[in-house]
Amino acid sequence: LGLMFSILEPMEYKPYKDDGSDIGLFHWKHLVNNFCFAYTWHLCLLSGSSLFGFAVALLTGIQTIDLTINPLFGSSSPSDFWGRRWNNVVHKALKVSSVGVL
């Protein structure tokens with residue numbers, strides 16, 4: 001988290017900054033800040049889940065699935081982002097559980 005704020009500070013990143021106007025939401029600096037925050041959060045999730053998956057595979061031999069599949073740069077639409085790339089574990093668990101009910 002400290003690394004993230006060190007990277008975003010030159011862009012004047014202030015978390016939860018609200019100046020009261022909706023116009024500021026579409027300012028290019030605000031959009032860049034949000035993208036950098038989202039990408040940094042994705043990298044934190046990716047590295048943590050990859051290390052955990054590697055440890056599980058090493059200790060038990062169980063093959064794990066990836067938590068995400070390049071959601072920010074590989075998505076072609078919002079539904080592709082949310083349904084197939086961002087939360088892959090929940091998507092597959094819901095798919096298996098709904099098929100099991102039928």
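A residue counts as buried when its relative accessible area is under 20%, as exposed when that area is over 50%, and as partly exposed in between (1.4 Å probe, protein chains only). By that scale Asn 87 is partly exposed, with a relative accessible area of 30%. The model described here is predicted, so local features need pLDDT of at least 70 and side-chain atom pairs count only at pLDDT 80 or more, while totals for chains, interfaces and linings use all residues. Residues are numbered from 1 along each chain as its sequence is written, and side-chain values use heavy atoms, with hydrogens and water left out.

**Overall make-up**

- The protein chain has five helices and zero strands, where helices (H or I, at least four residues) and strands (E, at least two) are DSSP runs numbered from the N terminus.
- Along the sequence this gives the pattern α-α-α-α-α.
- The protein chain has 102 residues, and 13% of them are buried.
- Among contacts in the protein chain with a separation of 6 or more, 32% join residues 24 or more positions apart; contact means heavy atoms within 4.5 Å.

**Helix α2**

- Helix α2 covers residues 28-60.
- The 33 residues of α2 should span 48 Å at 1.5 Å a residue, and the end C-alpha atoms are 47 Å apart, which agrees; the expected span is 1.5 Å times one less than the number of residues.
- Asn 33, Thr 40, His 42 and Gly 53 are buried in α2.
- Gly 61 follows α2 and has a positive phi, near 85 degrees.
- Leu 45 is also in helix α2, and it counts as partly exposed at 29% relative accessibility.
- Leu 45 touches Leu 67 and Trp 86, when residues up to four places away in sequence are not counted.
- The C-alpha atoms of Leu 45 and Leu 67 are 8.0 Å apart, and the two residues are 22 apart in sequence.

**Nonpolar surface patch**

- Phe 35, Tyr 39, Leu 43, Leu 46 and Phe 73 form a nonpolar patch on the surface, with about 440 Å² of accessible area together.
- Patches are made of residues with over 30% relative accessible area and no salt bridge; like charges are joined within 9 Å, and nonpolar side chains (Val, Leu, Ile, Met, Phe, Trp, Tyr) within 5 Å.
- Helix α2 gives the most to this patch, with four residues.
- Phe 35 is found in helix α2, and at 38% relative accessibility it counts as partly exposed.

- In helix α4, residues 78-86, the residues Asp 80, Phe 81 and Trp 86 are buried.
- These three cover an arc of only 125 degrees around the axis, which puts them on the same side of α4; the arc is that of the directions from the helix axis to the C-beta atoms.
- Ser 79, Trp 82 and Arg 84 are exposed on the other side of α4.
- Asp 80 counts as buried at 8% relative accessibility.
- Leaving aside neighbours within four places in sequence, Asp 80 is in contact with Gly 74, Ser 75 and Arg 85.
- Asp 80 forms a salt bridge with Arg 85, with the closest N and O atoms 3.2 Å apart.
- A search of the whole structure finds one salt bridge, defined as a side-chain nitrogen of Lys or Arg within 4 Å of a carboxyl oxygen of Asp or Glu.
- Side chains of opposite charge can pair when their charged atoms come close.

**Loop residues**

- Asn 70 is in the loop between α2 and α3 (71-74), and it counts as partly exposed at 41% relative accessibility.
- Asn 70 is not a glycine, yet its phi is positive, about 40 degrees.
- Most residues other than glycine have a negative phi.
- Asn 87 is found in the loop between α4 and α5 (88-101).
- Leaving aside neighbours within four places in sequence, Asn 87 is in contact with Leu 67 and Trp 82.
- The C-alpha atoms of Asn 87 and Leu 67 are separated by 6.2 Å, with the two residues 20 apart along the chain.

Methods: Areas by Shrake-Rupley, 256 points an atom, 1.4 Å probe, with all protein chains shown as cover.
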